[in-house]
Amino acid sequence: MQVEPGMLAKSKAGRDKDCIYVIISVNDGYVYLADGKKRPVCRAKKKNCKHVQPISKARCGLVTDNEEVRRVIKGYVSHLDAEERE
């Protein structure tokens with residue numbers, strides 16, 4: 001799957017394994033990730049593309065705003081929780 005800025009991604013490796021992030025940018029086999037809290041957009045995490053799993057169900061329109069990033073991640077996580085309860 002092609003990764004693009006604004007897509008959600010799940011970390012597959014590292015100490016942040018299973019964390020949900022928004023892809024801020026893609027550059028030379030690396031992606032820059034932010035979650036709006038511990039990793040704001042201005043301090044995006046650099047991660048190898050092989051170590052993230054893109055999530056195509058949700059997208060973030062404005063990848064420069066921490067509030068928008070948090071809102072999209074929170075909406076996706078609450079959607080997952082609702083599916084698990086059913």
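Start at the hairpin: select β2 and β3, which have two residues between them. In the turn, D28 has a positive phi of about 50°. Strands here are DSSP runs of E, at least two residues long, numbered from the N terminus. The model is predicted: local features need pLDDT of at least 70, side-chain atom pairs count only at pLDDT 80 or more, and totals for chains, interfaces and linings use all residues. Residues are numbered from 1 along each chain as its sequence is written, and side-chain values use heavy atoms, with hydrogens and water left out.

Now show residues 20-27 and 30-34. These strands, β2 and β3, pair antiparallel over five bridges; pairing requires at least two DSSP bridges. Find N27, which stands opposite Y30.

Move to I55 in β5, residues 52-59. Is I55 buried or exposed? I55 is buried, at 9% relative accessible area (buried is under 20%, exposed over 50%, partly exposed in between, with a 1.4 Å probe and protein chains only). Beyond four places in sequence, its contacts (heavy atoms within 4.5 Å) include M7, A9, I20 and Y76.

Finish at K47 in β4, residues 45-48. K47 is buried too, because its relative accessibility is 8%. Show its side chain: it reaches the backbone oxygen of A13 at 2.8 Å. The K47 side chain also makes a polar contact with the D16 side chain, at 3.0 Å. A polar contact is a pair of N or O atoms within 3.5 Å; within protein, one must be able to donate a hydrogen and the other to accept it, and residues adjacent in sequence count only if both atoms are side-chain atoms.

Key. Helices (H or I, at least four residues) and strands (E, at least two) are DSSP runs, numbered from the N terminus.
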